[in-house]
Amino acid sequence: MKVRIRGYRKEDLKKIEEIWLKGNREAHAFVSEEFFLEHLPMLGELLPKVTVLVSEEEDTVTGFLGMEDGFILGLFVDPVKQGQGIGRKLLQEAKRKTDTLTLKAFVKNKRAVAFYIREGFTQTGTELDETTGEEEVTFVWKK
């Protein structure tokens, strides 16, 4: 399948919400379901205000990356499509657009931590996320 990276369109919202919710449930089982359901409506408000890269195969959204001023707000790939290089392609496009990228990932999300290290990010510190009470690691990538 040919993966295409493009900008966000309003009609992507439903599929992005679905991927976001499924991805959070799988990657962050240590955070309550209520937390994600409470924050889901914010996606529709946030996405038009930030840079969103969307991956698609045959007109179906398979993942997305949201960022603002070089800070990656989230990178999600449909769980059935993970491990196929989609996350890497989204990240490569984000790297092409800026000289420095920063993000935070939960320490317990071992898969994400390993992914960002593999993709050339450096860990710069850890802190407690106040909304979840979970420890987060901060990553930075520079061109």
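Two strands count as paired if DSSP finds at least two bridges between them, and strands here are DSSP runs of E with at least two residues, while helices are runs of H or I with at least four, both numbered from the N terminus. The views below come from a predicted model, in which local features need pLDDT of at least 70, side-chain atom pairs count only at pLDDT 80 or more, and totals for chains, interfaces and linings use all residues. Residues are numbered from 1 along each chain as its sequence is written, and side-chain values use heavy atoms, with hydrogens and water left out.

**View 1. Strand β7 and its two partners.** Let's start with β7 (residues 135–142), which runs antiparallel to β5 (residues 100–106) through seven bridges. Across that pairing, K104 stands opposite T138 of β7. Strand β6 (residues 122–128) is also antiparallel to β7, joined by six bridges, and here L128 sits opposite E135. Six residues lie between the strands in the β6 and β7 hairpin, where G133 takes a positive phi near 75°. Six of the eight residues of β7 are buried (under 20% relative accessible area, with a 1.4 Å probe and protein chains only), so the strand is largely enclosed by the rest of the structure.

**View 2. A bend in helix α2.** Helix α2 (residues 33–46) has 14 residues. At L40 the helix bends by about 30°, and a proline, P41, follows within four residues; the bend is the angle between axes fitted to the seven residues ending there and the seven starting there. F35, F36, L40 and L43 are buried in α2, and the buried residues of this helix pack against α1 (13–27).

View 3. T62 belongs to strand β3 (residues 60–68) and, at 3% relative accessibility, counts as buried. Its side chain makes a polar contact (N or O atoms within 3.5 Å, one able to donate a hydrogen and the other to accept it) with the side chain of S55, at 2.8 Å. Beyond four places in sequence, T62 touches (heavy atoms within 4.5 Å) several residues, among them I19, V77, K81 and I86.

**View 4. Two nonpolar cores.** A nonpolar core is a set of buried Ala, Val, Leu, Ile, Met, Phe, Trp, Tyr and Cys residues joined through side-chain atoms within 4.5 Å. The largest has 22 residues, and Y116 and F139 are among those touching the most other members. Leaving aside neighbours within four places in sequence, Y116 is in contact with L75, L91, L103, F121 and F139. A second, separate core of 18 residues includes Y8, L21, L40 and V52.

Definitions and conventions: The expected span of a helix is 1.5 Å times one less than its number of residues. Buried means under 20% relative accessible area, exposed over 50%, partly exposed in between (1.4 Å probe, protein chains only).
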